[in-house]
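Subject: Structure for your review

Dear colleague,

Please find below the structure that I am handing over to you.

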Amino acid sequence: MTGETDLSTLLASMTPELRDGIYVFATLAPGVPQPEGLEPVMAFREREGTTLIVTEEAARSTELTASFRCRMITLNVHSSLEAVGFLAAITARLAAAGMGVNPVSGFYHDHLFVPAGRAEEAMAMLRELSVDSAS
């Protein structure tokens, strides 16, 4: 399964799903182990430390310092990791509305982390983009 690469098809067939919960971004300094029992949605190692995306509740319970309260939107279309322009089209639409977004690509789907207070607005814009692309 390689995923879809056609931009028009991706945009027209994406089905955004607003996931439950509030998420935050946290970081661990190099060499600091991840708290036991913590199950991040994502972990990414950089020279400066490891970025974790976790629920706000998990960050609080493990005493992680966190920022960017956000909601997770999963784009339910199997996008290829080699697809060109899919996230660019989406982030440009959100940016035009003055909304920051942190996209993350998994093997099967792309996920957007949008400000918690603007998640429903983001969902409406994504649905509109999908309908506009199908026309």
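Two strands are said to pair if DSSP finds at least two bridges between them. Helices (H or I, at least four residues) and strands (E, at least two) are DSSP runs, numbered from the N terminus. The model is predicted, so local features need pLDDT of at least 70 and side-chain atom pairs count only at pLDDT 80 or more, while totals for chains, interfaces and linings use all residues. Residues are numbered from 1 along each chain as its sequence is written, and side-chain values use heavy atoms, with hydrogens and water left out.

Overall architecture

The protein contains four helices and seven strands, arranged along the sequence as α-β-β-β-β-α-β-α-β-β-α. Its radius of gyration is 16 Å, close to the 14 Å that the globule rule gives for 135 residues, so the protein is as compact as a globular protein of that length. The radius is taken over C-alpha atoms, and the rule is 2.2 Å times the number of residues to the power 0.38. The C-alpha trace spans about 50 × 35 × 25 Å along the principal axes.

For burial, the classes are buried (under 20% relative accessible area), exposed (over 50%) and partly exposed (in between), with a 1.4 Å probe and protein chains only. By this criterion, 36% of the 135 residues count as buried. The protein exposes about 7,700 Å², of which carbon and sulfur atoms supply 51%; accessible areas come from the Shrake-Rupley method with a 1.4 Å probe, and for residues only the protein chains shown count as cover.

A contact means heavy atoms within 4.5 Å. Of the contacts with a separation of 6 or more, 73% are between residues 24 or more positions apart.

As to charge, Lys and Arg count as positive and Asp and Glu as negative, whereas His and the chain ends are not counted. Each charge is placed at NZ of Lys, CZ of Arg, CG of Asp or CD of Glu. The mean positions of the 9 positive and 17 negative charges are 5 Å apart.

Strand pairing

Strand β5 (residues 66–75) pairs with strand β1 (residues 16–18) in the antiparallel sense over three bridges, and Leu18 stands opposite Ile73 of β5. Ile73 also stands opposite Leu112 in β7; β5 and β7 (residues 110–115) are antiparallel and pair over six bridges.

β5 is likewise joined to strand β2 (residues 23–28) by three bridges, and these two strands run antiparallel. Here Tyr23 stands opposite Cys70, and Ala26 has Ala66 as its bridge partner. β2 is mostly covered, with five of its six residues buried.

Individual residues

Phe68 is located in strand β5. Phe68 is partly exposed, with a relative accessible area of 29%. Leaving aside neighbours within four places in sequence, Phe68 is in contact with Tyr23, Val24, Phe25, Asn102, Phe113, Val114 and Pro115. Phe68 and Ile53, 15 residues apart in sequence, lie 9.9 Å apart in space, C-alpha to C-alpha.

Most residues other than glycine have a negative phi. Glu63, which is not a glycine either, has a positive phi of about 60°. Glu63 lies in the loop between α2 (56–61) and β5, and at 72% relative accessibility Glu63 counts as exposed.

Val77 is found in the loop between β5 and α3 (86–96), and is buried, with a relative accessible area of 9%. Its contacts, leaving aside neighbours within four places in sequence, are Leu10, Ser13, Met14, Phe86, Tyr108 and His109. Val77 and Ala119 are 42 residues apart in sequence and 19 Å apart in space, C-alpha to C-alpha.

With kind regards
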